[in-house]
Amino acid sequence: MPDRQPTRQPALKATGLASRATLCPPSRAGTSPPQADRPPGHAPSWRKRRVLLLNTTFEPLTALPLRRAIVLLVCGKAEVVHGDSAGMVLHSATDSVEVPSVIRLSNFVRVPYRGRVPLTRAALMLRDNHRCAYCGARAETIDHVVPRSRGGPHTWENCVACCTKCNHRKADKTLSELGWRLPVVPHAPRGRHWRLLAGLSETDPLWLPYLGEPAA
């Protein structure tokens, strides 16, 4: 980046870089980086990418859109911890920025206390390791241990990952009626990273060392 004082509107300049940039794979020495091919009017795929944001203490805070992460980097408010695993680079007319996977804030941000982790499908699947709580097969849906029709609540303690076969067999019956038992008592996950995981459908493998073990 040029070594100069920031302009009066650095965020706008950084946003312009992100909006006009082209995502390219690393180029060979002596060759120009290829332009990204995409149909006219189609949003570039990098706009859907997420970047893990860490506090200065390496505590995971949130998953940012790539555009917002680039703004933080260009404005000097964050630094790259891990770049894109494929070595992708954003090119504008005058600058090039490494596509980040994990970034870290330059200044510490105090995070307010947060209560119970919200129950989402993504978080529940992660808690149960995408395995059916009844048979251990690949989970495809969520089941209420005590059926909703029988007064069962929609809580961490009453919800488990479940395969389609077990879900159909169980229907609105209780475990005692079927003679089934759970090998592990379901409970709400604990850990600061779980609030972040609750809002994600997938994670970058480079994030895992900062998110902890996604298990019950």
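Glu 79 is partly exposed, with a relative accessible area of 39%. The model is a predicted one.

The side chain of Glu 79 meets that of Arg 104 in a salt bridge, at 2.8 Å from N to O. Glu 79 belongs to strand β4 (residues 78-83) and Arg 104 to strand β7, so the pair ties together parts that are 25 residues apart in sequence.

Both strands belong to an open sheet of four strands. The order is β3-β2-β7-β4, and the pairing is mixed. β3 and β4 stand at the edges, each with a single partner strand, so one side of each has no neighbour in the sheet. On average, neighbouring strands of this sheet are turned by 30° against each other, direction ignored.

Now take strand β2, residues 50-54. How many of the five residues of β2 are buried? Four are, so the strand is largely enclosed by the rest of the structure. Strands of a sheet pair through backbone hydrogen bonds, either parallel or antiparallel. β2 runs antiparallel to strand β3 (residues 60-65), and five bridges join the two. Within this pairing, Val 51 stands opposite Leu 64 of β3. The two strands form a hairpin with five residues between them. In that hairpin, Phe 58 takes a positive phi near 70°.

Strand β7 (residues 100-105) runs parallel to β2, and three bridges join them. Leu 52 stands opposite Val 102 in β7. Leu 54 stands opposite Arg 104 in β7. Helix α2 packs on the sheet and touches β2, β3, β4 and β7. The direction of α2 makes about 110° with that of β3.

Helix α2 covers residues 66-74. Its buried residues include Leu 66, Ala 69, Ile 70, Val 71, Leu 72 and Leu 73. Just after α2 comes Gly 76, with a positive phi of about 75°.

Move on to strand β9 (residues 159-162), where Val 160 lies. Is Val 160 buried or exposed? Its relative accessible area is 2%, so Val 160 is buried. The C-alpha atoms of Val 160 and Leu 124 are separated by 7.0 Å, although the two residues are 36 apart along the chain. Leaving out residues up to four places away in sequence, Val 160 touches Leu 124, Arg 127, Asp 128, Ala 133, Tyr 134, Thr 141, Ile 142, Asp 143, Val 145 and Pro 186.

The side chains of Asp 143 and Lys 170 meet in a salt bridge at 3.3 Å, N to O. Asp 143 is in strand β8 (residues 141-144) and Lys 170 in helix α4 (residues 164-170), so the pair ties together parts that are 27 residues apart in sequence. Lys 170 and Asp 143 are both buried.

A further salt bridge joins Arg 150 and Glu 177, whose closest N and O atoms are 2.7 Å apart. This pair also links distant parts of the chain, 27 residues apart. Arg 150 sits in the loop between β8 and β9, and Glu 177 in helix α5 (residues 175-178). How accessible are the two partners? Arg 150 counts as partly exposed at 42% relative accessibility. Glu 177 is partly exposed as well, with a relative accessible area of 46%. The count for the structure comes to five salt bridges.

Terms used. Residues are numbered from 1 along each chain as its sequence is written. This is a predicted model: local features need pLDDT of at least 70, side-chain atom pairs count only at pLDDT 80 or more; totals for chains, interfaces and linings use all residues. Side-chain values use heavy atoms; hydrogens and water are left out. Buried means under 20% relative accessible area, exposed over 50%, partly exposed in between (1.4 Å probe, protein chains only). Two strands pair if DSSP finds at least two bridges between them. Contact means heavy atoms within 4.5 Å. A salt bridge is a side-chain nitrogen of Lys or Arg within 4 Å of a carboxyl oxygen of Asp or Glu. Axes are lines fitted to C-alpha atoms, for helices over the stretch in contact, and angles run from 0 to 180 degrees between N-to-C directions.
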